[in-house]
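Reader: I'm new to this one and would like to be walked through it slowly. Could you show it to me before we start?

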Amino acid sequence: MAASYVGRFAPTPSGPLHLGSLLAATASWLDARAHGGRWLLRIDDLDAPRTVAGAEAAILATLEAHGLAWDATVVRQSDHLQHYRAALETLAERCFACRCTRRDLHGATRYPGTCRALRLPRRGNALRLRVDAVSGLHAFDDRVQGRYSQQVAAAIGDYVVWRRDDIASYQLAVVVDDALMGVTHIVRGADLLDNTPRQLHLGACLGKAKPSYAHVPIVAEASGVKLSKHNAATAIDDRAARYNIRNVLALLGLDPPRGDIAELLAWAAQRWRIDRLPRVPVLPGFVAVS
Ligand SMILES: [Zn+2]
């Protein structure tokens with residue numbers, strides 16, 4: 001029991017929650033409750049062009065309908081802009097401006113260092129953080145997926161911390177947000193697993209405490225395609241909240257009894273063992289329970 005446990009759920013307001021995001025939210029909530037911890041809600045609205053009007057209200061309504069109560073006031077990334085700028089200034093000497101477009105990089109997963117020595121102006125360009133072989137090796141013990149390590153310099157290369165459109169990158173924002181909120185335990189979808197070494201690298205560069213990580217399996221459709229807002233996965237129907245929670249608990253390996261949502265969640269929190277989740281990145285699909 002960690003008395004200081006602080007967990008969080010951080011959805012992007014680009015659409016309603018779908019089953020996969022409800023599963024991640026429920027796993028994170030159960031883990032916090034099982035540890036007697038706090039569970040915070042952050043709306044990741046940094047990427048204004050992707051923000052959809054009404055999505056935040058819909059997300060909050062869905063969480064409420066499913067009994068996933070959060071502690072403290074909702075936090076928004078748009079409240080943290082000055083903190084992102086401060087973090088960037090801390091990193092400034094290790095950054096360089098990059099003018100490469102997605103097309104220039106031909107879909108390469110690793111940045112080849114094209115602009116490293118060009119001394120381009122910051123304005124109008126993205127900023128990348130230099131990663132070397134010494135600082136770039138990051139390994140951690142994920143509570144679900146086990147040992148995970150990545151040499152960021154070899155796998156990703158110098159990565160973007162500030163976007164061309166003058167917005168903090170997702171990686172920088174998340175590290176700053178979690179530190180500001182005092183998050184100790186991150187429970188999120190396994191689709192973010194390979195982002196974690198970059199976030200550990202950034203956290204080390206910024207002198208932030210290292211949180212504990214658990215990457216829970218994401219839910220696939222029968223075809224194996226990840227459920228997400230991008231492939232128009234079905235939005236959660238709040239009127240079927242009890243059914244949805246039973247479905248999510250079944251996907252999380254629990255065999256829920258009959259009962260209302262509060263009873264189901266209390267029952268699940270008592271039995272919650274995150275180390276017993278399937279150690280796979282993707283769950284095969286829907287489990288229909290009545
Ligand atoms: Zn470049």
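Predicted model: local features only at pLDDT ≥ 70, side-chain atom pairs only at ≥ 80, totals over all residues.

Reader: In which sense do β9 and β10 pair, and over how many bridges?

Author: Strand β9, covering residues 185-189, pairs with β10 in the parallel sense, and the pairing extends over five bridges. The two strands also belong, together with helix α6 (residues 196-206), to a β-α-β unit that is right-handed.

Reader: Why is β10 described as largely enclosed?

Author: The strand spans residues 212-216, and four of its five residues are buried, so the rest of the structure largely encloses it. Val 216, for instance, touches Leu 23, Ala 24, Ala 27, Val 144, Val 187, Gly 189, Ala 190 and Leu 277, when residues up to four places away in sequence are left out.

Reader: Okay, and which residues have the most contacts inside the largest nonpolar core?

Author: That core has 42 residues, and those with the most contacts inside it are Leu 22, Leu 23, Ala 25, Ala 27, Val 216, Val 248 and Leu 252. Helix α1, residues 19-34, gives the most to this core, with nine residues. Apart from it there is another core, made of 24 residues, including Leu 127, Val 131, Val 152 and Ile 156.

Reader: Switching topic, what domains does the assignment give for the chain?

Author: Domain 1 is assigned as 6-79 + 177-199 + 206-283, while domain 2 is assigned as 82-170. Their centres, taken over C-alpha atoms, are separated by 27 Å. The contact takes 19 residues from domain 1 and 17 residues from domain 2.

Reader: Which element gives the most to the domain 1 side of that contact?

Author: On the side of domain 1 that touches domain 2, β10 gives the most, with five residues. Sorted by class, that side has 11 nonpolar, three polar and five charged residues.

Reader: And α6, which of its residues are buried?

Author: In α6 the buried residues are Thr 196, Pro 197, Arg 198, Gln 199, Leu 200, His 201, Leu 202 and Gly 203, which is eight of its 11 residues, and the helix is mostly covered. These buried residues pack against β6 (137-142), β7 (146-151), α4 (152-155), β8, α5 and β10. Just after α6 comes Gly 207, with a positive phi of about 70 degrees.

Reader: You mentioned α5 there; what do its buried residues pack against?

Author: The buried residues of α5 pack against β2, α3 (81-91), β8 (159-162), β9 and α6. Helix α5 runs over residues 170-180 and is mostly covered, with eight of its 11 residues buried; among them are Tyr 170, Leu 172, Asp 177 and Asp 178. Just after this helix, Gly 182 takes a positive phi of about 70 degrees.

Technical notes:
Residues numbered from 1 in each chain as written. Buried ≥ 20, exposed ≤ 12 C-beta atoms within 10 Å, placed from the backbone. Pairing = 2+ DSSP bridges. Right-handed = clockwise from strand over helix to strand, strands pointing away. Domains from an automatic or database assignment. Contact = placed C-beta atoms within 7 Å. Nonpolar A, V, L, I, M, F, W, Y, C, P; charged D, E, K, R; others polar. Core = buried A, V, L, I, M, F, W, Y, C linked by C-beta atoms within 7 Å.
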